[in-house]
Amino acid sequence: MRHTLSAIGRMILCAAGFVMSIYGSVQLNALKSPGFRELLHESSFWVAAIGGLMTAIAFEAMRRAQVPAAAPAQPVEAAEPVRSVEPTPTEPAKDERPAEDGDKLSLVEVVGLAAGGVIGSGWLLAVPGLHESLGEAALLGWAAGGVLMLTIAVVMVEFGLISQRTGGLLFHPHDAFGPLVVIILAASLWISYAINPAAQAAAAVNGLAEVVPALAGEGGLTGVGSALAVAVTAAIIAFVLLPRRFVLRTNAALTLLKIAIPVIFVVFLVLAVPGRPTGAEPAPGPTSTGVLSALITSGVIYAYIGFQAPLDVTGEVRGGRREVARRVRWAVYGTVVGSFLLYSALQLVYAEHMSASGAEHGTSYARLTDAATLAGAPIDWLVVLIRIAAIIAPIGSGIVFTYALSREVYALSAERYVPSGLHEPRASRLPGRTSDSFWLILLVNLILALVVLVAVGGDWQTLAVLNTIPILILYAVTCVVLAVRSDLLGTGAQRLLPFAAYAAFVVIALVVNESAWDRVWKGVAVIGWGSLVLLVLPWLHHLRVPGLGWYDAKNHGARLVSRDPANRPFVVLALYLVALTLLSAVRHRIDDDSVWSVWSLRALVMIVASGAFVLLVGAGRRYLRQTRLTTIRP
């Protein structure tokens, strides 16, 4: 236990120092040519200096704690990395699961990953926001989001089960389009998954702010609240360093608790008589009537994402192919349908108590519950459960995303999309991890999450958007992959999957277009910056730029100046993202009262999305023909 706490302390010290250095440097950059004496009197200078010193000390401590591994064996908990994108001859199918099946995920643990990823801060923050946007039509928002997510889930699950491997969200695009498209998807997945713990930490602190008002104000988290959110983010990521079985079983227990609390809440509010919260004003009308525009703006899509966590670790699920397929289907489909029922029930009781009490929009669950009575007796004891859920539900979801991301980054490193050092085993003093590589991956993810958290000032809405837009793009491309590899599908109902994939692709485009402009451009911008980093850093390493000798990822960017078959799908996807962003800008400038203009633009979005789908499918099939890539169908 002492070694575990020591390793977690070193990670937190390194991440805190890195954030302090960035913050101090940004503040110093705003100064205009300060003199040396003036610099010494600037607090930001000392923040940056102390941060740099903390980072150096932490790295040195980690280096000294590291000794050569006894054997370069793969970590026990890691599955095989994704298959190389280079053309390979047909190879016999093999079982990629570890020899000891008892080390694999049980049905309860798989359900814990799926439901634990979904049931987070969404139900706490999206329900009031959706009621404010749509009023009595709020239930349509959950229905529209649920149908979209279920369609995407069917496409991803049924195709993902064809190859039951860890890293499947990137493995299939890797085969269908080549490495350049994977660069875009890797940036989307990494940014979305890494930001999620920060978003969940901000949501947990917001929940705690109802008890400690000093943590948040009208503009978001205060300085103290932001510092606490940083600490919670670090704690979420550090928790995944504990023994794997303990992490999974704890997550399963947290998931059961996260489901039980809102169910109890719904049951009691259905029976309770609404009361008027103290100081409440009459509720104004809804601010918007657009269901599609509310899906991202109000956090509906954000509340649903996370069901794909079992697909990130399919190779770690216990049992043969049929048992794995059954467990994954139960986990994913049950989570999407169950979350829709739970969210709908929460929305209904919330709307009933809002309308009966005359409370203002945005009134929290706790205030509504505190004012309600059951058989003449107050039920304010439920407020305690709500506030507990407001803290543990986001934290549990952050743990799931952190666990899944470490496996995806491991697969990326194994194929050298990122430095190979992120998957090489190192000696570890952590209990149960004598040869471990995940601590370094988690450290990188922690630094990325904290930098973003500091950059947006702990604003949950911004973090939720940066989490949602990239993951929707990942979902959309996965739908295209199914159409490209439709030859791997079986007969019967599976032959209908390409039509579902096309429908989901087009609807995702409509949802993105209907979202607020400031949310769309931020989401696409982080994808662009992430892709640029993954393309440029290997090129700089290839040029032997000093200080980048450690970044030994493959220089896939060199393909862009050649006649490589991977270029076409990359260019089509990049142009599609640009077109989607421009159409969102046009939508932002159209008067909402101009029905003809709005529907004309929606028709244009559907045409552009349909064209992009056809072009991407054609580019993927052409890539497969030119590389003669063959995949054994199990």
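Me: Of the contacts between residues at least 6 apart in sequence, what share joins residues at least 24 apart?
Reply: That share is 82%. Contact here means heavy atoms within 4.5 Å. Keep in mind that this is a predicted model, where local features need pLDDT of at least 70 and side-chain atom pairs count only at pLDDT 80 or more, while totals for chains, interfaces and linings use all residues. Residues are numbered from 1 along each chain as its sequence is written, and side-chain values use heavy atoms, with hydrogens and water left out.

Me: What does the protein average for pLDDT?
Reply: The average is 77, and 75% of the residues score at least 70. pLDDT is the predictor's confidence in each residue, from 0 to 100.

Me: Where does pLDDT stay under 50?
Reply: Residues 65–102 are one such stretch, and the model gives them 86 contacts beyond four places in sequence. Residues 629–634 are also below 50, with 20 contacts beyond near neighbours in sequence.

Me: How many helices and strands are there?
Reply: There are 22 helices and 6 strands. These are DSSP runs numbered from the N terminus: helices are H or I with at least four residues, strands are E with at least two.

Me: New topic. How much of the protein counts as buried?
Reply: 55% of the 634 residues do. Buried means under 20% relative accessible area, exposed means over 50%, and partly exposed is in between (1.4 Å probe, protein chains only).

Me: And which residues touch the most other members of the largest nonpolar core?
Reply: Met149, Phe307 and Tyr475, in a core of 185 residues. Helix H8 (residues 179–208) supplies the largest share of that core, 20 residues. A nonpolar core is a set of buried Ala, Val, Leu, Ile, Met, Phe, Trp, Tyr and Cys residues joined through side-chain atoms within 4.5 Å.

Me: What about Ser397, buried or exposed?
Reply: Ser397 counts as buried because its relative accessible area is 0%. Ser397 sits in helix H16 (residues 382–414).

Me: Which side chain does the Ser397 side chain make a polar contact with?
Reply: That of Gln200, at 3.2 Å. The Ser397 side chain also reaches the backbone oxygen of Gly117 at 2.9 Å. A polar contact is a pair of N or O atoms within 3.5 Å; within protein, one must be able to donate a hydrogen and the other to accept it, and residues adjacent in sequence count only if both atoms are side-chain atoms.
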